[in-house]
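Me: Can you walk me through this one? I'd like to start with the pockets.

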Amino acid sequence: MRLLHTSDWHLGRSFHGASLLENQRAVLEELVRLVKERHIDVVLISGDIYDRALPQVDAVKLCNSILGQLRAAGAKVIITSGNHDSAARLGFAAELIDAAGVHIIADTTRMSTPVMVQGEDHQIAVYGIPYLEPRMVMAELEAEKLSHESVVAAAVTRIQQDLAARRAAADTPVLAFSMAHLFAAGGVGSDSERELSVGNLDVVPVELFGLFDYSALGHLHGRQRLSDTVRYSGSPLAYSFSEANQRKAVWIIDTDASGVKEVEAVELPVPKKLAILRGKLQELLEDPELAWAEEAWCQVTLTDTDRPAEAMTRVRTRFPDTVVLLFAPEASTRNTRESYAQRLARAKSTKEVCTDFIDHVRHRPADEHEQELVASVIRSVREAGSEK
């Protein structure tokens with residue numbers, strides 16, 4: 001059989017205020033094409049289908065469309081909930097939807113009952129572990145501690161008992177797959193992931209998944225191989241500039257009666273690139289090698305000694321989709337020799353006090369017109385005071 005592992009779609013997410021819905025549609029329709037082309041039997045989606053517990057209507061419509069296309073392509077779909085999803089909403093009518101070939105595992109009652117996939121000479125039992133909030137499930141699962149490791153270990157124990165019974169009763173080999181949304185030890189995160197807990201209470205040892213022939217993990221947005229059998233697919237799109245250099249992909253897993261034969265990474269297209277640019281404003285505007293970034297989402301850091309006037313407007317004349325503008329001025333003798341307090345102490349006139357303040361808060365000295373405006377205001381105040 002052939003399975004595809006993906007996760008962290010985050011439908012409805014924005015990128016620094018800009019909608020990503022059409023980019024998400026483009027990359028997920030490419031995933032559908034891949035399912036058709038590679039004759040995928042099962043699609044595993046390991047959590048964070050949506051970006052929020054109460055998703056936007058357009059995000060729900062897109063999810064419905066993509067799931068329908070995956071089923072039309074002939075693939076069975078298995079979904080687990082993530083920390084961004086509302087388990088109750090995502091899992092609504094899950095038992096009814098099972099009949100349509102879309103299986104949603106969003107609560108603990110369905111956790112130890114696998115979705116069985118029948119092949120020619122073997123079966124695959126797919127166990128979905130929804131995102132487990134320790135405080136909510138510790139008592140139910142009889143976990144020993146209030147931690148992600150403890151509740152996941154308790155879930156795996158229940159699964160192990162069910163798997164042993166199924167293998168004993170089966171007349172063909174039964175492979176065990178798991179799906180989970182969590183932070184496994186050894187994984188590398190990015191800025192776009194929501195922390196699961198404070199400190200190290202969210203870290204789950206990879207060894208907990210030793211029972212399974214393959215574990216399809218979600219939560220971390222970079223594709224990662226923690227072991228031959230434990231992997232993150234990562235998100236299909238980059239959701240922060242910390243992911244700019246990640247190559248987004250899915251895992252395709254081939255199996256036979258002996259187990260997992262091959263795991264292949266298949267890269268996904270990039271609807272819109274991310275660009276991290278740094279330099280002086282005029283150099284960035286004139287550098288011909290940056291032409292590729294003109295159609296990208298851009299994070300621009302300006303290193304001009306003095307902060308340029310109308311910086312964002314000028315940056316966007318060449319890079320219209322600049323969504324983050326930062327300033328990291330190069331060392332300046334004017335700015336580094338003395339503090340503002342020292343500058344204030346040596347000021348000889350009211351005008352100097354005012355223009356030094358402008359320079360201090362704006363990181364750019366007052367120009368000739370601004371200096372004249374300051375002088376005019378000071379004169380007007382003095383004249384008004386003398387008339388009283």
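Reply: The largest pocket holds about 410 Å³ of space. A pocket here is an open set of points on a 1 Å grid over the protein atoms alone, with protein on both sides within 12 Å along at least five of seven lines. A volume is the space filled by probe spheres set on the points, which are joined across faces, edges and corners. This is a predicted model, where local features need pLDDT of at least 70 and side-chain atom pairs count only at pLDDT 80 or more, while totals for chains, interfaces and linings use all residues. Residues are numbered from 1 along each chain as its sequence is written, and side-chain values use heavy atoms, with hydrogens and water left out.

Me: Which residues lie nearest the centre of the largest pocket?

Reply: Ala-244, Gln-246, Val-270, Lys-273 and Leu-274. The whole lining has 23 residues; a lining residue has an atom within 4 Å of a point.

Me: And what classes are in that lining?

Reply: There are 14 nonpolar, three polar and six charged residues. Ala, Val, Leu, Ile, Met, Phe, Trp, Tyr, Cys and Pro count as nonpolar, Asp, Glu, Lys and Arg as charged, and the others, Gly among them, as polar.

Me: Which strand gives the largest share?

Reply: Strand E17, residues 274-279, with three residues. Strands (E, at least two residues) and helices (H or I, at least four) are DSSP runs numbered from the N terminus.

Me: Where does the largest pocket lie relative to the domains?

Reply: Between domain 1 (2-267) and domain 2 (274-327), because both give residues to its lining. Those bounds come from an automatic or database domain assignment.

Me: What about the second largest pocket?

Reply: About 170 Å³. Its lining includes Asp-107, Tyr-131, Glu-133 and Glu-140. By class that lining is six nonpolar, one polar and three charged.

Me: How many cavities are there?

Reply: Two of 30 Å³ or more. A cavity is a set of points where a 1.4 Å probe fits but cannot get out. The largest cavity has a volume of about 50 Å³.

Me: What lines the largest cavity?

Reply: Ile-129, Pro-130, Tyr-131, Leu-132, His-148, Val-151, Val-152, His-181 and Leu-182. Helix H6, residues 148-169, gives the most, with three residues. Seven of the lining residues are nonpolar, two are polar and none is charged.

Me: Which residues sit on each side of E8?

Reply: Gln-123, Ala-125, Tyr-127 and Ile-129 on one side. Ile-124, Val-126 and Gly-128 are on the other. In a regular strand the side chains alternate between the two faces of the sheet.

Me: What does E8 pair with?

Reply: E7 (115-118) pairs with E8 in the antiparallel sense over four bridges. E9 (174-181) pairs with E8 in the parallel sense over seven bridges. Two strands pair if DSSP finds at least two bridges between them. Gln-123 is the bridge partner of Gln-118 and stands opposite Val-174 in E9. E7 and E8 also form a hairpin with four residues between them.

Me: What's the strand order in the sheet?

Reply: E7-E8-E9-E12-E14-E13, six strands in an open sheet with mixed pairing. E7 and E13 (224-225) are the edge strands, each pairing on one side only.

Me: Backbone next. Which phi value stands out at Asp-48?

Reply: Asp-48 has a positive phi of about 55° and is not a glycine. Most residues other than glycine have a negative phi. Asp-48 lies in the loop between strand E4 (42-46) and helix H2 (57-72). Its relative accessible area is 1%, so Asp-48 is buried.

Me: And Glu-310, buried or exposed?

Reply: Exposed, at 61% relative accessible area. Glu-310 also has a positive phi, about 50°. Its place is the loop between strand E18 (297-302) and helix H8 (311-316).

Conventions
Buried < 20%, exposed > 50% of the residue type's maximum accessible area, 1.4 Å probe, protein only.
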